[in-house]
Amino acid sequence: MRLCRLAFQNVKCNLKNYVSLVLSLSFSIMIFYNFQNLVYSDLFAAVGERSKDYSDMLIQMLSLVLGVFIVFFTGYATNVFLTRRKKEIGIFIFMGLTNQRIGSLYIMEMMMAGAATLAAGIGFGILLSQLFQMILLTMSDITLEIGWSFSLKPILITCAFYFAVYTCFVLKGYFNIVRSSVLEMVSASRQNEYVRLPNGILLFKSVLGIVILSAGYALAVAEDREGVLEHAVLAVVLVIIGVYFLFGGMIPAVFQGLAKNKRFLYCKERSLWVNQMVFRMKKNYRTYAIVCVLMICSVTALSASFALKERYNGIVHFRTVYTYQLLSSRPDLDETAKKLIEQENEIAYHTKMPILYLEPLKGEQQAYEKPVGLLEWSGFQRLAKESGLNLNIKQPKNGETVEVTHLYLISLITKRKGVPVEVNGQTFLKMDEIHDPYLGHLQEQMSFYLINDAEYKKLRPLGQELYAYNYKIKDIYNYKASVDALGTLVSNTEENYTARIVMAPDGGRDMEWVKILYSLCVFLVMVFITASGSILFMKLYNDALEEAERFDVLQKLGYSYETLKRAAARQLFLSYAVPLLVMAVSSYFSVHALEKVMDTGLAMIRLASAGIIFVFFYVCYLLSVRVYVRNARIRKMKS
């Protein structure tokens, strides 16, 4: 009973010291619970069965990513907690406790802290579930009725997952204590993560880190026809390993070299912090590597969120460039359709385009079969002018083609130019690819290839010529008024084939899951940056406690408060700046890879995402300076 009471007292004290880690874990659990709650609720039932299925699948995929992150973060948190507690726990041996009893005390402490963390995470998750859903729907711009719902299954899944992960790390700590000597426990808080290595090994790790990072960057931006997904996964693994070696080799070597440069060291009071920076980089390189990887994930996920939102808006615009479309074998349907529409609506603009319909495409560039439509250059120029769209491409030469395709959310084919296209036994070289909505929603249903007039006339006998009639009305919300009238034209006979497409102003609800996805990405980013900020803040918090004696000595030697505070601020600045610099370089390639699969420019999105991360960590830096100065006992001396 006394052991349990002692454990409870220790938990109370250590929750204050490690509140940032406890809160970060609770926040991660809260997000994980709310993800599961979304899956087992009927919130998205109104967006359609397809969108709901996609939403549930994406939420589970993001839950898996979040779960992997929670595993690593929990491991780090419990390891830091054990390292800080080992010295105090080791003293219990002098009170007559065995290692097994001390291990049992540690298990009690950690289970109490874990239970408090789990209760806080799920408790706040339940209380804020409606707010979570409201924020999610607001960010997604989806109008749904939010009602209170409670399900036991999300709670059980969250508890089971976290309990299993947490128990594994607690047991690992228990066996660590049981096998440790008194000296190891008492000196644990001063043990380095990094064993001092000769310059040759640092150089080897530096070169290895640069080579591995370069390979990861090359895979991330490579243009491929096949294996894009495998290359992306391998690139992620290589970048993580490369960052690890970079912080374990190159960065400590750079600071070590600066410390040996006397002209640099003895200028502007750098001797007060450069050597200490070398020691900290060597000691905490694993922590800085973890923080840097989390920063890269944050920028990439935030960029993906912005890019998905922009792409969704682009797809909706793409689909709604025309309100009605008719695809017919009749060349004389234009005036008839116009009169039917004008009975209820005023037409803003309309176009007509002949299409040479051929059999489904045969070629390595197409992952699935689609009907093929060939477009002649002169008619396409006229179509672009009538619809008010720019045509910034050159006329294809004989044997060349331009693919007129639609906007993809993502594509696993990143090499889009200079590839062969086979049409009815004739091979064309695809010289370009355009995504403007010249034929609107019809471009999603067929594979269109633009060729010159001579090639079009030569291939005309090989297929059937159809005509696309496209109409945009001024009052887009009155689109239903002309639907029945146009329905009288629909036919499926050999003499008269006519199909109709009617597009609602919102572009249809089959893409609602994309809006949900980019909103969920924002919550994932919040978890990543909160965790990375907490890890770095906590590490610097502990460093300040260890350096208190050094700063006491420096103050006794006559260094002023302002000088020591400035030295501490510069040391902390580099502690934040180095991971941010590596993040800025790495995120360029990760977002560039995103540009490839989405076939769009994301330069401004990348800068905006990195800017948000920079602002967050600048605030963390300012808070760290204040806390560091206080914990390191840097104070103004009384005169």
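Reader: Where in the chain does Lys 394 sit?
Author: Keep in mind that this is a predicted model. Helix H14 covers 377-387 and strand S4 covers 400-404. Lys 394 has its place in the loop between H14 and S4.

Reader: Is Lys 394 buried or exposed?
Author: Look at its relative accessible area, which is 68%. A residue over 50% counts as exposed, so Lys 394 is exposed.

Reader: Now the helices. Are H17 and H20 roughly parallel or roughly antiparallel?
Author: The axes of H17 (residues 512-546) and H20 (residues 603-631) come within 9 Å and cross at roughly 20 degrees. Angles under 35 degrees count as roughly parallel, so H17 and H20 are roughly parallel.

Reader: How many residues of the contact of H17 with H20 are nonpolar?
Author: On the H17 side, the residues include Ile 529, Phe 537 and Leu 540, and on the H20 side they include Phe 616, Leu 623 and Val 627. The contact also has 5 polar residues and 1 charged. The nonpolar ones number 13.

Reader: How far apart are the end C-alpha atoms of H17?
Author: Start from 1.5 Å a residue: the 35 residues of H17 should then span 51 Å. The model agrees with that, as the end C-alpha atoms are apart by 52 Å.

Technical notes:
Residues are numbered from 1 along each chain as its sequence is written. This is a predicted model: local features need pLDDT of at least 70, side-chain atom pairs count only at pLDDT 80 or more; totals for chains, interfaces and linings use all residues. Side-chain values use heavy atoms; hydrogens and water are left out. Axes are lines fitted to C-alpha atoms, for helices over the stretch in contact, and angles run from 0 to 180 degrees between N-to-C directions. Helices (H or I, at least four residues) and strands (E, at least two) are DSSP runs, numbered from the N terminus. Angles under 35 degrees count as roughly parallel, over 145 as roughly antiparallel, 65 to 115 as roughly perpendicular and the rest as oblique. Contact means heavy atoms within 4.5 Å. Ala, Val, Leu, Ile, Met, Phe, Trp, Tyr, Cys and Pro count as nonpolar, Asp, Glu, Lys and Arg as charged, and the others, Gly among them, as polar. The expected span of a helix is 1.5 Å times one less than its number of residues. Buried means under 20% relative accessible area, exposed over 50%, partly exposed in between (1.4 Å probe, protein chains only).
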